[in-house]
Structure formats: C-alpha cells, structure tokens
Amino acid sequence: MKIPFVIVGSGGHALSVANVARSCDCRLVAFVDDKKAGYTLSGVPIITQGHCKASFKTAHYAIAIADNAIRERVSKEYMTDLSNAVFPTLVHKSSVIGCDVKIGQGTIVMPLAHIGPNSLVDEFCILNTCSSIDHDCCMQSYSSLAPRAVCGGTVEIGTRSAISIGAVINHDLKIGSDSIIGANSYVNSLIANNVVAYGSPCKIIRSRSKGDRYL
Amino acid sequence: MKIPFVIVGSGGHALSVANVARSCDCRLVAFVDDKKAGYTLSGVPIITQGHCKASFKTAHYAIAIADNAIRERVSKEYMTDLSNAVFPTLVHKSSVIGCDVKIGQGTIVMPLAHIGPNSLVDEFCILNTCSSIDHDCCMQSYSSLAPRAVCGGTVEIGTRSAISIGAVINHDLKIGSDSIIGANSYVNSLIANNVVAYGSPCKIIRSRSKGDRYL
Amino acid sequence: MKIPFVIVGSGGHALSVANVARSCDCRLVAFVDDKKAGYTLSGVPIITQGHCKASFKTAHYAIAIADNAIRERVSKEYMTDLSNAVFPTLVHKSSVIGCDVKIGQGTIVMPLAHIGPNSLVDEFCILNTCSSIDHDCCMQSYSSLAPRAVCGGTVEIGTRSAISIGAVINHDLKIGSDSIIGANSYVNSLIANNVVAYGSPCKIIRSRSKGDRYL
C-alpha cells in the first residue's frame, strides 16, 4: 500500500499543496492543525500535531505554511522530531522542469509553473501557480514565488525571500535573503538583504528583519 | 455521430472558442452571425440566427460574445428559444482544473488557464488565455478574465464584471458586480459594484451601469 | 540515425534552446562559439564556426542568439554558407499552438508559451517562456517576445522588434519594426518603427536604429 502523505497546515495554501499531492498520486491521510483537529478539509481529516507525530513517524510530509520564516522553523522541528520521515519534492504534473535542474527536499511546484534549464531550487521553496524562473536561476532554501511571479535568466533569490504575486524580475539580478518584493513590482536592480521593496521600477521602501510580517 | 456544435458569434473571440471546442473534439457545424451569413470562418459556415434556431434545436452551443452583459442577454435568449439545446462547459485540454472545482454551463476555459482547488466558476464565464484564479475563488455568472489576468486565493468576482488583460488581484479580495478592472492593474483593495477602476494600485475612476461600454 | 542538431551560440539563451530541442527529441551534437570552443555546455561539445560549417553541412540548426538584429545577420550567413542545412521550427512540448497557425523556419517556442488561432509567426522569431499571443496575431521575422510577455488578439509585431519581459500589449494594436517595448510595460496605443518605448501606459522614450542596443 502506498506510503501515507501528511500535510502540515490546513489553510488555503494547504489546500493547494493537497491539490499538487493528488496530481502526484500521493495517498493523503491527514492535515495537521491543532486548532481545527476533528474537522476535515477536502474530505481528509485534520489531526493534532501530537497525534501526527505519534502516528506517522515514517510518512511523507509537506509543510504547507506560506510564510517563509515560519515554514523554515516548522520544517526543522519536523525533521528533528521525525528523523525517519521523508519530505519529498512535489511537482504538479502540468509544470515544466528544464534539463539539468536540481530541486531540494520539501519544495512544492504548483500548477503551470516553470523551472528553466540548469537552475537550482533548494529546500522547502514554493513556486506558486503559473510562476516561472528561467535558465540558470537559483532559489535559496525557504524562498518563494507567488502566483505568476517571473524571473529572467540567471536570477538568484536569497534564503527566505518572498516574491509577491505578479512581480517581474529582470535577468542577471540578485535578491538578497529575508527580503520581500511587493506584488506587481518590476525589479531591474540588485535588492539587498532584509528589505521590503516594491514599485515599477522596484525601490527599497524599508528594512525588515527575518520573520517580520510580509508587507 | 457526434452531436453538432454551434458557436454564436463570428469575431476573434468566436475563433478562440472554436479552438477550444476543437481541442475537446466537438463537431463544429456553424458560427451564427446575421451580418456575415454565407461566409465561412476557419472552414466552417456562418449562418443566420433564424437558420440556426430552426435547424439546430438540440445542438450543443457556445455563446462566443466577449462583452459580459451582451453575452448574458444572448445566452438567456438562446436558452429560452431552444429549450432542448445544451450549453456545455468547454475547457481547453492544456488548462488545469484543481480538485473540488465546480464550473457552470456555458463557461469557456481557454488554453493554459488555471482554476485553483475548491473554486466555483458559475455560468457563462470566460477564463481567457493564460488567466488564473487560485484556491477558494468564486467567479459569478457572466464574469470574465482577459488573457493573463490572475487572482490570488479566496477572491470573488461579481456578476458580469470583467478583469482586463494582465491585471493582478491580490488574495482575499472581492470585486463587485458590473465592474471593470483595467488592463495591467494591480488590485489590493475591495472594489465596489458598478465602477471602472484601474492603475497600480487600482483606484476607482468612475461609476458605470450594467451594459455600459467597457473602458 | 537521427539527423544531428547544432545550436549556434553558447549562452543562457542557447541553453534554453537546447532544452526545447531535447523536448522535441532532437539529437544535439554541438554548440557553436569560437570563444568557448573546446569546452562543453550541458554535456555537449562547443565547437568553432569553422569546424561547424565544415562538418555539419546538412544538419538541423537553431540560431540561439537573443538579439534580434544579430540573429538576423547570423541566420542569413548560415543559410548562405550551408545551403543544404535545415532550420526547423522548434516548439516545446508544453506549449500550445492554436488552429490555423503558421510558423516559419527557425522560430523557437519556449515552454508554456501560446500562439492563438489564425496567427502567423514568421521566420526566426522567439516566443520565450510563458509568453502568449492571442487569436489573429502576426509576428514578423526576427521579432521576439521575452518571458511572460502577452499580446491580446489581432496584434502585429514588426520585423526585429522586441517585447521585453512581462510586457502586456492590448488587442488590435501594431508595434512597428526595429522597436523595443520595455519590461513590464502596458501598451495601449500604436507604436511606431525604430523607437524605444516603455511605461504603463507605454510612451515612446527615444528613437533607435536597427541594430542599436536594446535598452
């Protein structure tokens, strides 16, 4: 029988992750959320974290938390507490992965997303619906692209940085770590670590610290 | 033999609808347009409305009119006049429909479009090329997304409202009914009924009435 | 044995072209670049132009040069020097081509791109990742769409003109020849020949000549 698949989280992002998992024929057995335990989501029971860690020590897991810093913390907790669990890469069947691409554990690629050839996407990243990175890009761990965000070739996105919905990043640029690019922005210059930046062209608006709210 | 498929309209949008119908293996027998009857479009005859309603009482129909208020009126006329006709949902084979999605009759989903999980798309809507709604969205009847328009999760679009080409709508927002969002706009606030709004961020520019011209 | 496939160029765009060629099951034997001859790219040898033209007189070729004027010049040189070579149209298997579309030799269609019904794409064009033209469009030879650029229906793009990343062109418009539309621009008016234009809405910023740098 197929290995059980558990999704940590029960919000809208968890539903999207479940949708990808189902397109990969995963056997979804539970969502995990202490506050909604006893309910169901899309026909699947929601259980407590205690129940989860006691019952599914060797399951496959997705950490379905959209906030990058919180996803990092929870991913590390689960990897520590469940040393025999597996955190597979999940790629929706409609998405396109180029040649010579490497994708780390725990990364989720939503429908109609694209990863260009010779790109590296590290651990626990999110490429949301219709997002795209082109050739020779690099997404560091826990970074994310919101729906329809797009990067030209040879773009690097730093650890835990978030590119918001519809943003466009020109080729040959680097976004530092723990930075946020606002929705619908157009980035045509380097963006430092630990900043919030938006606009077209994108300007740095203020600094932020790892774990601050997004916008 | 396959049920005949009739497309009401003969403009560019009708051609796009024909393209979707063909990807669904429909047997296209006619376009309907009194002003061009006797000509052909993409190898298919264009006939008059009178000829159509006399000859194809039980056919499958698509109402290929891009204007949302006119499409509503014509759809209702055809449903009244041809009580045994069927108005199927048409989804291009390249498009992606999530789990637990409901789509009403007469709705057309163009190539490379996306409907996220647990979304509702009601009757006679248009999701044009490369458009996307994310998880838990709702499009009311006769609403439309132009090419590459995108909505985050949990967005509601009211009856007959039109989202223009390339527009971006942030998550958790509602667009009222009979409103127009201009091309390339970025929406980050609630938009009332009966308004024209555009810009990045999107601002209400003026009021409009149901059936007014778009922009 | 399959016909050998040669890619002229060895930069990031050449890598993207190789990715498309592989999705079409082409037998990639060489990249051509005098400055990098002796090295390899994605496991394939890079050779000199002299070596190429002596050894692969009847091969299939892609001219993987992103600059439109240079691609025109090099394409014409190769067609003159290698009169028995073939310059096939390459379409990534994830892309969608509508009914009644004509595509010229040497044109490359990258992943998740879209060409609407009854459109004409002439010779040696580039439709980059996630770009889209809608019904009844025309791209003249050597023109290009960058990633996620989108055109509504009945748009014409002139010879050697380049539409940059994320740009949106409204329906029923014409972009002249040798013009550049800047990244993330929204075009809602006719654009003349030989201009650089950008912004939302897009304004003409300055004139340019065929072969000038892009921006």
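**Exercise 1.** In this predicted model, find the turn and the shift along the axis by which chain B can be laid on chain A, and name the relation.

*Solution.* 
Step 1. In chain B, the residue that comes closest to the rotation axis is B:Leu112, with its C-alpha at 4.4 Å.

**Exercise 2.** Work out why the copies, chain A and chain B, meet through different surfaces.

*Solution.* 
Step 1. Take the interface residues of chain B and ask which are also interface residues in chain A; only 18% are.
Step 2. The copies therefore meet through different surfaces.

**Exercise 3.** Describe strand β1 of chain A, residues 4-8: how many of its residues are buried, and which strand does it pair with over 4 bridges?

*Solution.* 
Step 1. Buried means under 20% relative accessible area. In β1(A), 4 of the 5 residues are buried, and the strand is mostly covered.
Step 2. Strand β2 of chain A, residues 27-32, runs parallel to β1(A) and is joined to it by 5 bridges. Opposite A:Val8 stands A:Val32 of β2(A).
Step 3. Between β1(A) and β2(A) the chain passes through helix α1, residues 12-23 of chain A, in a right-handed β-α-β crossover.
Step 4. The strand paired with β1(A) over 4 bridges is β5 of chain A, residues 60-63, and the pairing is parallel. Here A:Ile7 has A:Ala62 in β5(A) as its bridge partner.

Note on methods:
Residues are numbered from 1 along each chain as its sequence is written. Chains are lettered from A and ligands numbered from 1 in the order in which they are written. This is a predicted model: local features need pLDDT of at least 70, side-chain atom pairs count only at pLDDT 80 or more; totals for chains, interfaces and linings use all residues. Side-chain values use heavy atoms; hydrogens and water are left out. Buried means under 20% relative accessible area, exposed over 50%, partly exposed in between (1.4 Å probe, protein chains only). Helices (H or I, at least four residues) and strands (E, at least two) are DSSP runs, numbered from the N terminus. Two strands pair if DSSP finds at least two bridges between them. A crossover is right-handed if, with the strands pointing away from the viewer, the path from the first strand over the helix to the second runs clockwise. Copies are superposed by least squares on the C-alpha atoms of residues with pLDDT of at least 70 in both. Contact means heavy atoms within 4.5 Å.
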